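The following note concerns the salt bridges and the nonpolar cores of the structure shown here.

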Amino acid sequence: MATNNFSKEYVIAKGGFGLVYKAQNEHGIIAVKKLDPRFGQGEREFMMGIAMLSAYTHKNLVSLVGFCDEGDEKILVYKYESNGSLDQHLCRKDLAWIQRLRICLDVAQGLKYLYNDIGAQYRILHRDMKSSNILLDENFRAKISDFGLSKVACKCVVYGSYLQILCGKLVGVSKHLDEPFSAELPQICYKEGTLDVIIDCDLRNQMNSASLCTFSAIAHQCLKCRGRDRPTMTLVVEELKKALVYQQVVSP
């Protein structure tokens, strides 16, 4: 009833799970994800999403309102986050550097909770971290979503994509076809000390130098090929907090 029998006019997104509908019921405004195996995911991802969000709660994880598992009808219902997903905002000029830092810190705190705070035997590996799986509420606080590919405390294949919040661009998107923006480009520029070349000029003008230096250093470490060379999520949170403090000196 809330989606008028899953009417197309209520559709707000689609992904590996299927279509997502925006609706309203006694729980308030909700996001309804209806499983459609043709989009790539199935029973396993559906059950994993329920298990993860039923067992683990954190301010930087999406809130599961309920679910339906009745025959072929497999539906997940979440609290609706009014600013959509991060990928819709990365190229916006009005998403300030200090907001981007806060979003990164929110995501890092959510991952730290999953990887460290709940105990090694219950550690959750999300495996699908990308900007489209980071939702933003009315205050642009970030919430991690889509746990269908998650694994519990094991070594496994990682999925997802690089998050290019520093440069104000999506990976693989460029205005000039002969100038592709790849995940490797920021790493090369970091090593050569030429990050200014790829950072949006409006963003760069907002950045405190110490904030940029701290942020880019920890981001570069996170992109190391070998897992043992990457920082812990605890260290990532600490460094992002430093970068935010440096920025707040000029952007209270």
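1. The structure holds 14 salt bridges, each defined as a side-chain nitrogen of Lys or Arg within 4 Å of a carboxyl oxygen of Asp or Glu. The model is a predicted one, in which local features need pLDDT of at least 70 and side-chain atom pairs count only at pLDDT 80 or more, while totals for chains, interfaces and linings use all residues. Residues are numbered from 1 along each chain as its sequence is written, and side-chain values use heavy atoms, with hydrogens and water left out.

2. Lysine 33 and aspartate 146 form a salt bridge whose closest N and O atoms are 2.3 Å apart. Because lysine 33 belongs to strand β3 and aspartate 146 to the loop between β8 and β9 (151–152), the pair ties together parts that are 113 residues apart in sequence. Helices (H or I, at least four residues) and strands (E, at least two) are DSSP runs, numbered from the N terminus. Lysine 33 is buried, at 10% relative accessible area, whereas aspartate 146 is partly exposed, at 26%. Here buried means under 20% relative accessible area, exposed over 50%, and partly exposed in between (1.4 Å probe, protein chains only).

3. A further salt bridge pairs aspartate 106 with arginine 141, with 2.9 Å between the closest N and O atoms. Aspartate 106 lies in helix α2 and arginine 141 in the loop between β7 and β8, so parts that are 35 residues apart in sequence are tied together. Aspartate 106 is buried, with a relative accessible area of 1%; arginine 141 is partly exposed, at 35%.

4. Aspartate 196 and arginine 204 also meet through their side chains in a salt bridge (2.8 Å, N to O). Both partners count as partly exposed, aspartate 196 at 47% relative accessibility and arginine 204 at 22%.

5. Which residues touch the most other members of the largest nonpolar core? They are Leu86, Leu166, Phe215 and Leu240, in a core of 57 residues. Such a core is a set of buried Ala, Val, Leu, Ile, Met, Phe, Trp, Tyr and Cys residues joined through side-chain atoms within 4.5 Å. Elements that each supply at least two residues include β3 (28–35), α2 (97–117), α5 (209–222) and α6 (233–248). Helix α2 gives the most, with 12 residues.

6. Beyond its neighbours within four places in sequence, leucine 86 is in contact with Leu95, Ile103, Ser131, Ile134, Leu136, Leu163 and Ile165, contact meaning heavy atoms within 4.5 Å.
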